[in-house]
Amino acid sequence: ALPVDSIRALSDLHPKPSNLKFQYGTAGFRTVAHVLDSVLFRVGVLAALRSKKLDGKTIGVMVTASHNPEQDNGVKLVDPRGEMLEASWEIHATALSNAQTTDEFIGELEKLVQTSKIDLSKPARVVYARDTRPSGAALVSSLEDGIKAIGAEGRNAGVTTTPVLHYLVRAINTKGTKESYGEDSEEGYFLKLSTAFKKLVSTRQTPSALVIDCANGVGAPIAERLIEYLGNSLPLVLENASITTPGALNNSCGADYVKTTQKLPPSLAGRLQPGQRGCSLDGDADRLMYFYLDERNQFHMLDGDKIAALVSAFIVELVKTSGLDSQIKVGVVQTAYANGASTKYLSERLPVKCVPTGVKHLHHAAEHYNIGIYFEANGHGTVLFSQPTQDVLQSYEPSTPAQSTALEHLRNLNQLINQTVGDALSDMLLVEVVLAHKAYSGAEWDSLYVDLPNRLVKVVVADRNQVKTEDAERRLVSPVGLQEKINDLVRRYDGGRSFVRPSGTEDVVRVYAEASNKAQSDELAFRVAGLVY
Ligand code: NG1
Ligand code: ZN
């Protein structure tokens, strides 16, 4: 049975604020930090139950609010293979978080144990970490109370990035098996990435220095440690690394700032030289945006779509050169927010699939390829090698030196890439590998294709649930008749494309538009927004 007395005693220390309704959304629970105490306690209990349900496998809990402002915080669960929590359990998380009293909470727990047939005699193990937010330490102790209340085994991974936590979960659960993911420690993570990177660039010239905007977040200390492992294989300059300055986190810097403003973070002015490569991490280092200044000091952004284009072309080429192209099918997954020019570039080279917004959709679609590449335009993404493909890479016997080299590169890419989740630092090393192999500067990479001018706007509506879509969010089914009006408008714009969808993370409807010039894309976005409002 559930240890009701201990749950009751500790739950009473973490009462739910009245009048608040929580929701486990696409990014877990996320809101202002000071209302999250009860949520963290309950997530501790839930993670333990999830572990029991999965026969004592270790479940991860990450305390972060990613690119959100410093006063926010959040929490999300990580399933045993390092992937996001199974969707059906999001509903359990929401239900538990909204129980008003301790009694109701215990009632919900008993219901969950019943309906999900959880064997309470199984062991429970939870590994958890947090980002650098000032609210994080207190929230972690609430989480620890939850883990303790149900008698689970907790492991504190300290202050680290979201992708490192995902790595740890997979490493712990695959330890000693043929699918072993690496040592289950931060050091194991650094060793795995840096060893693969050094092998991949060993025959290349040492690149010029890369500037990293750490968003004043947890990416800073983790990148600092990565530098020790990389040695002189890649010179890195860390900027916006002030993790203790109040209010600095994600403030006018970081990947989300770069993507939404399409500007250089002001703090990098004078720190990034014309022609030099720069990149921004977000607050938990799972998103990556590259950029450079041209000789006229003009800012050029290289987003997730450009990363997908660079990486896809490279992997397709290696598969072909290795002689494995009949056995290994490479494909790429995007969302409707991918720039139309990137979709065109990619479609000419490999299969491209469009899925609804949200990492879980991209990740699952990418699993259907032998090597599946996915990146959101905002810089979140990774590359997945299916297990049979990894086996093929291990057993294949190349017949020429060129095949052998390409095969070795593919094996090392499989080690370099964090396949559990988008990982800004792993993705950064991946980009640097391709740039080194192609001898590309930022400008040469940028010229793979020219972005279509685009505009994203938010519209506040009375009820965003009235807005329903189909065809990977590219077409509206409700309100009835609206899609036809949008089509009529879009037809009037050269190269026009526009779609409307409800946000999954904010109480707004988003309107995206593209056209052949900037003024037209802006005008189209605002006119479509006018139709929605
Ligand atoms: P919503 O709010 O559903 O548009 C946003 C991002 C997604 C994804 C999620 C989760 C855009 C347009 N949308 O989703 O790409 O990152 O947040 O964090 O960037
Ligand atoms: Zn993030």
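Is Ser503 buried, exposed or partly exposed, and how many other C-beta atoms lie within 10 Å? I looked this up in a model that is predicted. Ser503 has 16 other C-beta atoms within 10 Å, so I put it down as partly exposed.

I then checked where Ser503 sits. Ser503 belongs to the loop between E18 and strand E19 (509–514). A hairpin of 6 residues connects E18 to E19. Setting aside neighbours within four places in sequence, I list Val508, Val509 and Arg510 as the contacts of Ser503.

Next I took Pro502. I find Pro502 in strand E18 (residues 497–502). With neighbours within four places in sequence left out, Pro502 contacts Arg464, Asn465, Val467 and Val509.

I followed Arg510 into E19. Arg510, Tyr512 and Glu514 point one way from E19, while Val509, Val511 and Ala513 point the other way, and all are buried. With 6 of its 6 residues buried, E19 is therefore largely enclosed by the rest of the structure.

Last, I noted the pairing of E19. E18 and E19 are antiparallel and share 6 bridges, with Ser498 opposite Ala513. Strand E15 (residues 454–459) also runs antiparallel to E19 and is joined to it by 6 bridges. There I recorded Lys458 as having Arg510 for its bridge partner.

Definitions and conventions
Residues numbered from 1 in each chain as written. Chains lettered and ligands numbered in written order. Predicted model: local features only at pLDDT ≥ 70, side-chain atom pairs only at ≥ 80, totals over all residues. Helix = DSSP H or I, 4+ residues; strand = E, 2+ residues; numbered from the N terminus. Contact = placed C-beta atoms within 7 Å. Buried ≥ 20, exposed ≤ 12 C-beta atoms within 10 Å, placed from the backbone. Pairing = 2+ DSSP bridges.
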